[in-house]
Amino acid sequence: MSLKLDGKKLSLEIEEKLKNYISFNERMAKRRPGLAVIRIGEDPASGVYVKNKEKACSRIGIKSYIYNLKDTVDQKEVEQLINKLNLDKNIDGILLQLPIPNKFHDQRLISNINPSKDVDGLNEHNIGKLVKNEDAMRSCTPAGIINLLRSQNIRIEGKKIVVIGRSLLVGKPLSLMLLNLNGTVTMTHSKTKNLIDICKEADILIAAAGKPNLINSSFVKEGAVIIDVGIHRLKTDDENKTRLCGDVLLEDVIPKVFAYTPVPGGVGPMTVTMLLVNTIISWQKQFGLSSTLNDLVP
Ligand code: NAP
């Protein structure tokens, strides 16, 4: 039987550690860790993601500061807010909830975040450090995937790993993290030729294309590990209902693989958990606290 890589379960286990870490260190730091989340506009999915992050913070003792901005604000005003948060001594992490309305230049806003508070690990400084395999804030979804693999002792070193997708959010940083851990990584994208043949070589196949059910069993080698990053909400036959699926046609693929991530309950919960980890590590560095959580950062 194939092994389910249960992100929900692992994220709860890590949350327990984080909660204990905060309660143990709070007295020394004289305050709890603080995370600022900036949301611009009314995108409903973003609203749900921000609420989930707020709830996760409160479960473990991080103080969250939520900024819901109207899309009538301009780039300058958001930059000013980020600059204010950069200087705020109660804030350890700043997250810009993506996507934001098109009129904003998202990468320029992310560049404004102080690298030590860039808990999404997306600004140039942190990406540059990742390229150089130096310690820095690591982006959450890729770091969550590495922790899921490690939790079941799935070896990365020496393995053939194919990543489908080359976005700055997932594919590129994930490929670099796996390379830094001595995987042999192939990054693929929408212009890749013979995708099926490349995927069939993979010991670990990671789908982050953002295309529902793109990957069926014909892409997968017998005994491989498959990680599904995609999240899609599809309508069901019943008009009023929807269901979540990933980039992988799981029912077709599961009988063939050694291990897989479910959707929901696989990569998604780990992304939120890594945001908490990054915020606490920024707090830890500011107050010189013990580094017992550092193993969670690849
Ligand atoms: P994205 O920015 O749209 O990037 C998608 C990437 O996939 C691009 O590099 C694209 O290639 C490539 N691609 C698209 N169609 C392809 C195909 N048919 N064959 C091969 N490559 C293809 O998306 P993203 O932000 O990386 O997110 C990917 C998925 O992960 C989405 O479903 C998103 O919702 C989900 N996601 C989940 C989490 C989580 O916590 N679970 C976090 C982040 C994202 P080109 O570069 O050539 O266009």
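Tutor: Three strands, in the order E3-E2-E4, form an open sheet with parallel pairing. Strands and helices here are DSSP runs, numbered from the N terminus: strands are E with at least two residues, helices are H or I with at least four. Two strands pair if DSSP finds at least two bridges between them. This is a predicted model, so local features need pLDDT of at least 70, side-chain atom pairs count only at pLDDT 80 or more, and totals for chains, interfaces and linings use all residues. Residues are numbered from 1 along each chain as its sequence is written, and side-chain values use heavy atoms, leaving out hydrogens and water.

Strand E3 (63-69) and strand E4 (93-96) each pair on one side only. From one strand to the next, the twist averages 15°. Angles run from 0 to 180 degrees between N-to-C directions, with axes as lines fitted to C-alpha atoms, for helices over the stretch in contact. Strand E2 (residues 34-40) runs parallel to E3, and seven bridges join them. Gly34 has Lys63 as its bridge partner in E3. Helix H3 (residues 75-87) packs on this sheet and touches E2, E3 and E4. The direction of H3 makes about 180° with that of E2. Contact means heavy atoms within 4.5 Å.

Now the loops beside the sheet. Lys30 sits in the loop between H1 and E2. Lys30 is not a glycine, yet its phi is positive, near 65°. Its relative accessibility is 73%, so Lys30 counts as exposed. The cut-offs are under 20% relative accessible area for buried, over 50% for exposed, and partly exposed in between (1.4 Å probe, protein chains only). The peptide bond from Leu98 to Pro99 is cis, with omega near 0°.

Next, the wider setting. The domain assignment gives domain 1 (30-115) and domain 2 (140-268). Those bounds come from an automatic or database assignment. The C-alpha centres of the two domains lie 28 Å apart.

Five bridges join E5 to strand E6 (residues 184-188), and four join E5 to strand E7 (residues 204-207). Ile164 stands opposite Thr188 in E6; in E7 its bridge partner is Ala207. Four of the five residues of E5 are buried, so the strand is largely enclosed by the rest of the structure.

The buried residues of H7 include Gly171, Pro173 and Leu174. Buried residues of H7 pack against helix H5 (124-131), helix H6 (140-151), E5, E6 and E7. Asn182 follows H7 and has a positive phi, near 70°. At 45% relative accessibility, Asn182 counts as partly exposed.

Last, the aromatics. A search of the whole structure finds one aromatic pair. Tyr21 and Trp283 are edge-to-face, 6.3 Å centre to centre, with 70° between the planes. Rings of Phe, Tyr and Trp (its six-membered ring) pair if their centres lie within 6.5 Å; planes under 30 degrees apart are stacked, over 60 edge-to-face, the rest tilted. Tyr21 lies in helix H1 (residues 7-29) and Trp283 in helix H10 (residues 267-287), so the pair ties together parts 262 residues apart in sequence. Tyr21 is buried at 5% relative accessible area, and Trp283 is buried at 0% relative accessibility.
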